[in-house]
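Subject: Structure for your files

Hello,

Here is the structure you asked for, with the sequence alongside. My notes on it follow below.

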Amino acid sequence: MSERGFGVGRACDPVDEVPVVGRMRYAPNSGGGYAEVTPPRCPAGHVLGLGRVLLGQHYGARRRLYTCVTCQSTGASGASWSVADQPVIVTERFRPGDAVEGAVVTLELHVHGVLVGDLDYRLCMPCRLGVIEHMRIAADHRRRGLGTQLVRTVLDRHAAVAWTTSPVAPGAAQFWEVVLPASGRPGDARYCAHMRAADDQTS
Ligand SMILES: [Zn+2]
Ligand SMILES: [Zn+2]
């Protein structure tokens with residue numbers, strides 16, 4: 001295994017010359033949290049299956065470094081590349097009732113690998129209704145736009161849905177007025193029969 005794959009930055013292979021190609025990608029773990037997703041192909045187009053890619057770390061910039069084994073074996077330049085950091089990650093927490101229409105779905109927000117917030121919502125596509133029930137952001141991570149990012153993740157994934165929320169604290173009313181689309185109604189939760197039935201199925 002070449003040292004190059006670990007991005008140690010030897011003089012003959014300065015890590016700063018490694019190109020940055022795309023962003024770090026993640027997928028949710030079944031048990032919560034998330035896992036890194038290796039790119040499907042190298043920049044030259046080789047498929048990066050098992051044993052076809054070396055994972056390293058670009059220590060200078062603290063980025064993940066990949067090396068394509070195929071490129072490396074042919075002596076091609078550019079066998080290594082890094083991906084841009086993705087400090088804020090939103091993933092869905094899986095649970096048994098996920099497939100039930102109208103059941104509570106939880107999104108988790110990680111910043112540099114630390115869970116700092118989550119959001120519960122319900123969605124019914126037949127009725128085109130969505131209810132945001134709770135959002136929690138760790139006290140030392142507030143006022144950084146993370147709550148907005150979390151809510152927008154939900155709204156962007158589900159277009160043409162009328163959004164309401166469970167009752168909001170007086171201090172949070174303005175936040176919800178701004179972040180919800182014009183059709184949204186903060187604090188005026190509208191539940192459909194599917195959402196109520198989902199509670200019976202999943203509780
Ligand atoms: Zn390659
Ligand atoms: Zn419904």
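**The hairpins**

E8 and E9 make a hairpin that leaves two residues between the strands, and histidine 112 in that turn has a positive phi of about 50 degrees. Please keep in mind throughout that this is a predicted model. Strand E8 covers residues 105-111 and strand E9 covers residues 114-124; their pairing is antiparallel and runs over seven bridges. Within this pair, leucine 107 sits opposite leucine 119 of E9.

E9 also pairs with strand E10 (residues 129-137), again in the antiparallel sense, over eight bridges. Here tyrosine 121 has isoleucine 132 of E10 opposite. E9 and E10 form a hairpin as well, with four residues between them, and arginine 128 in the turn has a positive phi of about 55 degrees.

**The cores**

Which residues have the most contacts inside the largest nonpolar core? They are Leu119, Ile132, Leu150 and Val151, in a core of 21 residues. The elements that supply two or more residues to this core are E8, E9, E10, helix H2 (146-157), helix H3 (173-179) and helix H4 (193-202). E9 gives the most, with five residues.

Leaving aside residues up to four places away in sequence, leucine 150 touches Val90, Leu107, Leu109, Gly117, Leu119 and Met135.

**Proline 28**

Proline 28 lies in strand E2 (residues 25-28). Is this residue buried, exposed or partly exposed? Proline 28 is partly exposed, because 17 other C-beta atoms lie within 10 Å, whereas a buried residue needs 20 or more and an exposed one has 12 or fewer. Glutamate 92 is 64 residues away from proline 28 in sequence, but the two are 6.3 Å apart in space, C-alpha to C-alpha.

**The chain as a whole**

The protein chain has four helices and 11 strands. It has 203 residues, of which 26% count as buried. Taking the contacts between residues at least 6 apart in sequence, 50% join residues at least 24 apart.

Regards

Conventions: Residues are numbered from 1 along each chain as its sequence is written. Chains are lettered from A and ligands numbered from 1 in the order in which they are written. This is a predicted model: local features need pLDDT of at least 70, side-chain atom pairs count only at pLDDT 80 or more; totals for chains, interfaces and linings use all residues. Two strands pair if DSSP finds at least two bridges between them. Two residues are in contact if their C-beta atoms, placed from the backbone, lie within 7 Å. A nonpolar core is a set of buried Ala, Val, Leu, Ile, Met, Phe, Trp, Tyr and Cys residues joined through C-beta atoms within 7 Å.
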